[in-house]
Amino acid sequence: MSSIAFIGLGNMGGPMAANLVKAGHTVTGFDLGPAALDAFAAAGGHKAASAAEALAGAEFVVTMLPAGPQVRDVWLHQGGLIDVLSKASGAKPLLIDCSTIDVASAHAVYEEAKKAGFDMIDAPVSGGTGGAINGTLTFMVGGSEEAFGKAKPLLAGMGKTIVLAGGPGMGQVAKICNNMMLGINMVGLSEALILGERLGLSPAKLHEICAPSTSQSWALTSYCPAPGVVPSAPSNRDFAPGFMAALMAKDMQLSQAAAESANVPTPLGALAASFYQKVCDEGEGRRDFSYVYMWLGDQQRSDFNQ
Ligand code: NAD
């Protein structure tokens, strides 16, 4: 069993760290939010007073933070994790960032870690908060084969599918593509559910027909945005996340920036990205991303120049 430092104990990091505790590891955690820290302690984790304090004796250091700026801040700023680890004596821990961030930030942190003599992987996840709670996440890993081999038993305590996508940053490439598919899919199925309902077919009936049919998807079967259809979906708890619309807007933006840099056409991705941004602009960014269904339901056909 290993000693693990875990920074970022929010909707995802909290249950992921709790699963590491359940697997028998010693986990010391830090989060800026006192409520997140208390929930972690209630799950058997050791609270640290700062990210730096959590590092003492760690064999693995895991971060699960909102976005690139926070990841750069926590790892790279003066007195940040790499700085503190460089000054510490003892064996060098393996560094693991599970956040979903831009590829450039992933490379920047990896390069600084390497310069300081540490191996690091990017290991973003898919599976939502349900996957985090149940330990069934998919990990998409970017890094060396050796680091992947070392990390795999640890990641297996939090997930079911663990895939080496390629070298450093490739986990983030996989994640950005995954979330672009999901973001477009959620908009598409929301449009169809609303259309069916306006034509007299209830979302529940359409779900019953489509879930085993060619339009089947995770968003439809496990996360249906129409309330009253899938009991565990955020739509049945007033769209409490789950996965915040603000984070989906961020991920869709990441995919658009990546598509622009690679000169790849992603017109549906661009349109879906603009919808999540509008949800945020209207002050609903802290709701689950499936709230885009409610937002679409409030629009008029004429709003889209059709
Ligand atoms: P969250 O906002 O619930 O959690 C992030 C946590 O990081 C918060 O508790 C916050 O207080 C903490 N934090 C921020 N800055 C910090 C700092 N400097 N030091 C310590 N703690 C700090 O977000 P989340 O839903 O847990 O998502 C985390 C990451 O996982 C994001 O990159 C997101 O895109 C990705 N993700 C989320 C989901 C999901 O369904 N929620 C699914 C897959 C991937």
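Analyst: A nonpolar core is a set of buried Ala, Val, Leu, Ile, Met, Phe, Trp, Tyr and Cys residues joined through side-chain atoms within 4.5 Å. Buried means under 20% relative accessible area, exposed over 50%, partly exposed in between (1.4 Å probe, protein chains only). The model is predicted: local features need pLDDT of at least 70 and side-chain atom pairs pLDDT 80 or more, while totals for chains, interfaces and linings use all residues. Residues are numbered from 1 along each chain as its sequence is written, and side-chain values use heavy atoms, leaving out hydrogens and water.

User: Which residues touch the most other members of the largest nonpolar core?

Analyst: Phe6, Met16, Val61, Trp75, Ile96, Phe139 and Leu155, out of 56 residues. Helix H8 (residues 145-155) gives the most to this core, five residues. Helices (H or I, at least four residues) and strands (E, at least two) are DSSP runs, numbered from the N terminus. A second, separate core has 34 residues, including Val187 and Trp295.

User: What does Met16 touch?

Analyst: Beyond residues up to four places away in sequence, Met16 touches Phe6, Met64, Cys98, Val125, Ala132, Leu137, Phe139 and Met158. Contact means heavy atoms within 4.5 Å.

User: Why is Val229 called buried?

Analyst: Val229 has 18% relative accessibility, so it counts as buried. Val229 sits in the loop between helix H11 (218-221) and helix H12 (245-261). Pro203, Ala204, His207, Cys224 and Asn236 touch it, not counting residues up to four places away in sequence.

User: What makes Gln299 buried?

Analyst: Its relative accessible area is 18%, and therefore Gln299 is buried. Gln299 follows helix H14 (292-297). A polar atom of its side chain lies 2.9 Å from the backbone oxygen of Trp295.

User: How do you know that the buried residues of H4 line one face of the helix?

Analyst: In helix H4 (residues 68-76), the buried residues are Gly68, Val71, Val74 and Trp75. Down the axis of H4 they fall within an arc of 135 degrees, so they line one face. The arc is that of the directions from the helix axis to the C-beta atoms. Their cover includes strand E1 (3-7), strand E4 (60-63) and helix H6 (103-115).

User: What is the area buried between domain 1 and domain 2?

Analyst: About 970 Å², with 67% from carbon and sulfur atoms. Buried area is the accessible area (1.4 Å probe) that two parts lose on being put together, summed over both. Thr100, Val103 and Met140 supply 39% of what domain 1 buries against domain 2, more than any other three residues. The domain assignment gives domain 1 (3-166) and domain 2 (173-304); such bounds come from an automatic or database domain assignment.

Terms used: Polar contact = N/O pair within 3.5 Å; in protein donor to acceptor, adjacent residues only side chain to side chain.
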